[in-house]
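Keep the structure open beside you as you read.

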Amino acid sequence: PGLLWLAGLWAGAVPAGLMLFRAAGLCPDRVRAALSGASGLGCIHGAGRRKWTSRRTGQGLRQRLAFATAAACCFIALVAVLLPAQSRIMQSETANARHLMYRDAWELFQTAPWFGQGGDTWRLSFRAIQSEPYVGAEVHSGYIDLMLNTGGIGLLFALILLLAAGYRLYSGSPRLLPPFLVLALHSLIDFDWSFGLVWLLMMWLAVMGGEEQSARIRQMNMQTKQTKQTKQTKQTKQTKQTKQTKRKLVLSPKFSKSLTTSLTGSRMSSFLGIAGLICLTAWTALAISYGMGNRSYELSIQAADRHEQGELLKSALHWQPSSAASALMLAELLPPDEAVPLLLNSLARSPGHPELTWKIAELQAENGNSMQAAAWYRISLVQDKHNAWKQTHAASSLADLAKKQWAQGRKRAAVHAAYSALDIYELYRSAVYELLRTPNAGNDRDFRVTRQAAQEAWELRQWIRKRRLLTDLQSENISSLVLLD
């Protein structure tokens with residue numbers, strides 16, 4: 001449907017524009033010639049050339065009719081655009097959601113304002129810092145996303161690049177400036193910069209504008225050369241004068257100073273060239289390493305043999321050690337004793353990664369380490385506090401672990417797991433009630449107390465009362481053990 005809307009609006013815009021030209025008393029051929037840089041002042045119609053003015057067009061009624069028709073076409077196009085987009089423009093839900101994202105992003109930016117926190121900062125961190133349970137893996141602002149990833153310094157470099165490109169278009173080819181501004185301004189309220197195509201289009205426009213400007217400069221130089229060739233006498237005088245000035249420069253003491261400045265300039269340019277070559281080599285090596293790691297990871301997804309898949313994932317981590325996806329997939333193939341150190345090493349490269357912390361908690365619970373499992377569940381839930389499924393699963397997993405450890409005779413560990421499960425459930429319930437008490441709070445993630453979590457908490461309390469774990473807790477001094485988390 002979007003392509004049909006675009007075709008219809010485009011078809012309506014063409015006659016509307018022609019009617020506006022007619023109503024203004026202009027000729028389309030003249031306007032086209034002016035846009036292309038030609039110097040023609042008239043319009044070619046048939047065999048002759050005549051000058052179009054509002055007086056020569058005549059019939060003011062036809063002009064008013066054309067203007068009214070063009071205005072009607074533009075109004076219809078405006079209505080056609082606003083009707084499908086009114087829910088996003090007129091209503092306040094979209095604006096409120098973006099306001100929450102921008103406010104949370106500003107708080108996240110203040111934690112690393114100069115150099116940022118690296119790539120995908122918002123995608124990995126928004127669930128931990130979001131003030132309300134909204135759904136937004138993208139921050140809906142290219143400028144803010146770049147600011148979070150590279151800090152204020154990185155954003156400053158990007159703004160300098162955009163301003164230089166805009167100035168080049170303004171001075172060289174003004175007709176290409178509007179599409180450049182559309183791309184640059186729309187990125188303020190959407191995640192256009194997450195796609196390389198948008199950057200490619202903006203840089204392409206800047207290159208096209210510079211090429212047009214250089215073409216005009218070459219044309220002007222050709223014209224000046226032609227005029228100079230017709231005046232040979234002046235050229236001979238200029239050559240004699242240049243020879244005399246060269247002799248004066250050799251004899252003058254200022255020549256040595258200019259020579260030293262040229263030498264220092266050449267040294268500076270050579271230094272910058274070497275530095276640029278070193279940076280280019282480092283970037284090329286990083287790109288090759290990233291490409292090899294990504295290739296191994298893609299091959300591991302298609303591999304049918306577990307041994308082959310494991311070798312490919314190890315190769316992917318060798319080329320790209322910071323790949324959390326490769327570490328998570330490899331951890332599925334390894335026993336828990338080997339998987340946990342692997343995930344901890346990956347977590348050191350990606351601090352606070354919600355999937356890594358959750359997987360470590362799951363492996364610790366699978367190993368029967370109640371203290372480690374409870375600690376890592378709490379760390380992971382801090383990174384994704386509005387996830388009802390994770391909250392429910394963490395409490396249920398620790399409750400099951402408490403019952404298994406009690407059956408195995410590990411009473412201290414069972415008590416710790418049971419009370420950790422209840423603690424997680426109480427924090428989960430209080431977070432939901434706090435959200436419900438907030439007026440006009442959004443809940444896009446459906447954050448609520450699940451029936452399974454409430455049932456698990458009730459059954460766990462009954463299980464504690466039947467086994468009199470409250471007295472055991474006091475007699476065996478488990479309270480200090482619970483606080484170790």
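## A serine under cover

Ser-397 has a relative accessible area of 16%, which is under the 20% cut-off, so this serine counts as buried. This is a predicted model, so please read every value here as computed from that prediction. You will find Ser-397 in helix α17, which covers residues 388-407. If you set aside its neighbours within four places in sequence, Ser-397 is in contact with Ala-365 and Tyr-377.

## The largest nonpolar core

Tyr-377 also turns up in the largest nonpolar core, which has 48 residues. Tyr-377 is among the residues with the most contacts inside this core, together with Leu-343, Leu-398, Tyr-428, Leu-460 and Ile-464. Which elements give two or more residues to this core? They are α12 (306-319), α13 (324-333), α14 (336-349), α15 (354-367), α16 (370-383), α17, α18 (411-437) and α19 (451-466). Of these, α18 gives the most, with 11 residues.

Not counting residues up to four places away in sequence, Leu-460 touches Ala-399, Ala-418, Ala-421 and Leu-422. As background, nonpolar side chains tend to be buried together in soluble globular proteins.

Now turn to helix α9, residues 196-230. Its 35 residues reach 51 Å from the first C-alpha to the last, close to the 51 Å expected at 1.5 Å a residue. Which residues of α9 are buried? They are Val-198, Met-202, Leu-205, Ala-206, Gly-209 and Gly-210, and these pack against α7 (142-172) and α8 (177-186).

Trp-204 also has its place in α9. Is Trp-204 buried or exposed? Its relative accessible area is 52%, over the 50% cut-off, so Trp-204 counts as exposed.

## The whole chain

Stepping back, the protein chain has 21 helices and 2 strands. Of its 485 residues, 34% are buried. Among contacts between residues at least 6 apart in sequence, 62% join residues at least 24 apart.

The accessible surface of the chain comes to about 31,100 Å², and carbon and sulfur atoms account for 63% of that surface.

Methods. Residues are numbered from 1 along each chain as its sequence is written. This is a predicted model: local features need pLDDT of at least 70, side-chain atom pairs count only at pLDDT 80 or more; totals for chains, interfaces and linings use all residues. Side-chain values use heavy atoms; hydrogens and water are left out. Helices (H or I, at least four residues) and strands (E, at least two) are DSSP runs, numbered from the N terminus. The expected span of a helix is 1.5 Å times one less than its number of residues. Buried means under 20% relative accessible area, exposed over 50%, partly exposed in between (1.4 Å probe, protein chains only). Contact means heavy atoms within 4.5 Å. Accessible areas come from the Shrake-Rupley method with a 1.4 Å probe; for residues, only the protein chains shown count as cover. A nonpolar core is a set of buried Ala, Val, Leu, Ile, Met, Phe, Trp, Tyr and Cys residues joined through side-chain atoms within 4.5 Å.
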